[in-house]
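Student: Could we go through this structure together? I would like to begin with the surface and then look at the rings.

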Amino acid sequence: VRHGQAHGYQFESLGANVVVSLVKRYLADYRVLLREDAACRDALTDILNTFVRAGWPEALDLTYRLEEIFR
């Protein structure tokens, strides 16, 4: 995702859908890891924010739900 930004990957709808799906899966399967490891949480947030800055509402909605990992 980081390398793809130079070529506009963040503006591709398929890319946004894949990333949002992956983040949802990580939230479901690796909640403990994301809660305890700040580096993993920061990397995930950085990737998701790439699509938030591009204006994808699905990414923005998911960003607001990231606090769920602490429940």
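Tutor: Accessible areas come from the Shrake-Rupley method with a 1.4 Å probe. Please keep in mind that this is a predicted model.

Student: How much accessible surface does the chain have, and what share belongs to carbon and sulfur atoms?

Tutor: The accessible surface of the chain is about 4,800 Å², and carbon and sulfur atoms account for 55% of that area.

Student: And how much of the chain is buried?

Tutor: Of the 71 residues in the chain, 25% are buried.

Student: Which elements does the chain have?

Tutor: The chain contains four helices and zero strands. Read from the N terminus, the order is α-α-α-α. The radius of gyration is 12 Å, close to the 11 Å that the globule rule gives for 71 residues, so the chain is as compact as a globular protein of that length.

Student: What does the C-alpha trace span along its principal axes?

Tutor: The C-alpha trace spans about 35 × 20 × 15 Å along those axes.

Student: What about contacts between residues that are apart in sequence?

Tutor: Take the contacts between residues at least 6 apart in sequence: 63% of them join residues at least 24 apart.

Student: Now the rings, please. How many aromatic pairs are there?

Tutor: The count is two aromatic pairs. In one of them, the ring centres of tyrosine 9 and phenylalanine 51 are 5.9 Å apart and the planes are at 75°, so this pair is edge-to-face, the cut-off being over 60 degrees.

Student: Where in the chain are those two residues?

Tutor: Tyrosine 9 is in the segment before helix 1, whereas phenylalanine 51 is in helix 3, which covers residues 38-53. The two are 42 residues apart, and their pair links distant parts of the chain.

Student: Is phenylalanine 51 buried or exposed?

Tutor: Phenylalanine 51 is buried, as its relative accessible area is 0%. Tyrosine 9 is partly exposed, at 32% relative accessibility.

Student: And what about the pair of tyrosine 26 and tyrosine 30?

Tutor: The ring centres of tyrosine 26 and tyrosine 30 are 5.2 Å apart, with the planes at 40°, so that pair is tilted. Tyrosine 26 is partly exposed at 40%, and tyrosine 30 is partly exposed at 41%.

Student: Let us change topic. Where is glutamine 10, and what does it touch?

Tutor: Glutamine 10 is in the segment before helix 1. Leaving out residues up to four places away in sequence, glutamine 10 touches Gly4, Gln5, Thr50, Phe51, Ala54 and Trp56.

Student: Why does glutamine 10 count as buried?

Tutor: Glutamine 10 counts as buried because its relative accessibility is 11%, and buried means under 20%.

Student: Thr50 was in that list. What is on its own list of contacts?

Tutor: Threonine 50 touches Val1, Gln5 and Gln10, again not counting residues up to four places away in sequence. Threonine 50 lies in helix 3 and is buried, at 4% relative accessibility.

Student: What about cysteine 40?

Tutor: Cysteine 40 is also found in helix 3. With a relative accessible area of 29%, cysteine 40 is partly exposed. Beyond residues up to four places away in sequence, cysteine 40 touches Leu33 and Leu34.

Student: One last point: how far apart are the mean positions of the positive and negative charges?

Tutor: The chain has 9 positive and 10 negative charges, and their mean positions are 3 Å apart.

Note on methods: Residues numbered from 1 in each chain as written. Predicted model: local features only at pLDDT ≥ 70, side-chain atom pairs only at ≥ 80, totals over all residues. Heavy atoms only, no water. Phe/Tyr/Trp six-rings, centres within 6.5 Å; stacked < 30°, edge-to-face > 60°. Buried < 20%, exposed > 50% of the residue type's maximum accessible area, 1.4 Å probe, protein only. Rg over C-alpha atoms; globule rule 2.2 N^0.38 Å. Contact = heavy atoms within 4.5 Å. Lys, Arg positive; Asp, Glu negative; His and termini not counted. Charge placed at Lys NZ, Arg CZ, Asp CG, Glu CD.
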